[in-house]
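Please keep the sequence and the structure in view while reading.

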Amino acid sequence: MSPNITIDWTADSGNQLTLPVGLGYSNVYKIGPLPIRVAIEAQYSLIAPDNVGRDWNLRLLFIPVIPNPFR
């Protein structure tokens, strides 16, 4: 999991912090000659501002795995 913790220093006290926690799954698949990491994460905000924001977050990632050019 890679949460996006945000702090708004200009907001009122108690509405500054967003703190998500969650779980995810990741695996590497080979599509042609290039391996691709596919990940999905679901996150719930334990602490979130009252006036704006969301309680749940779903992330879907497609990350190409590139060989090390310095070998």
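A residue counts as buried when its relative accessible area is under 20%, as exposed when that area is over 50%, and as partly exposed in between. In this predicted model, 17% of the 71 residues of the protein chain count as buried. The points below describe the chain as a whole and then turn to individual residues.

**Overall form**

- The protein chain contains 4 strands and 0 helices.
- Read from the N terminus on, its elements follow the order β-β-β-β.
- The radius of gyration of the protein chain is 17 Å, whereas a compact globule of 71 residues would have one near 11 Å.
- Along the principal axes, the C-alpha atoms of the protein chain fill a box of roughly 50 × 25 × 15 Å.
- When contacts between residues at least 6 apart in sequence are considered, 36% of them join residues at least 24 apart.

**The aromatic pair**

- A pair of aromatic rings is described by the distance of the centres and the angle of the planes.
- The count for this structure comes to 1 aromatic pair.
- The ring centres of Tyr 44 and Trp 56 are 5.1 Å apart and the ring planes stand at 55°, so the pair is tilted.
- Tyr 44 belongs to strand E3 (residues 34–47) and Trp 56 to strand E4 (residues 56–64), so the pair ties together parts that are 12 residues apart in sequence.
- Tyr 44 has a relative accessibility of 34% and therefore counts as partly exposed.
- Trp 56 has a relative accessible area of 59% and is therefore exposed.

- Is Leu 46 buried or exposed? With a relative accessible area of 56%, Leu 46 is exposed.
- Leu 46 is located in strand E3, the strand that also holds Tyr 44.
- Apart from neighbours within four places in sequence, Leu 46 is in contact with Leu 19, Pro 20 and Val 21.
- Val 21 and Leu 46 are separated by 25 residues in sequence, while their C-alpha atoms are 6.9 Å apart in space.

Technical notes. Residues numbered from 1 in each chain as written. Predicted model: local features only at pLDDT ≥ 70, side-chain atom pairs only at ≥ 80, totals over all residues. Heavy atoms only, no water. Helix = DSSP H or I, 4+ residues; strand = E, 2+ residues; numbered from the N terminus. Rg over C-alpha atoms; globule rule 2.2 N^0.38 Å. Buried < 20%, exposed > 50% of the residue type's maximum accessible area, 1.4 Å probe, protein only. Contact = heavy atoms within 4.5 Å. Phe/Tyr/Trp six-rings, centres within 6.5 Å; stacked < 30°, edge-to-face > 60°.
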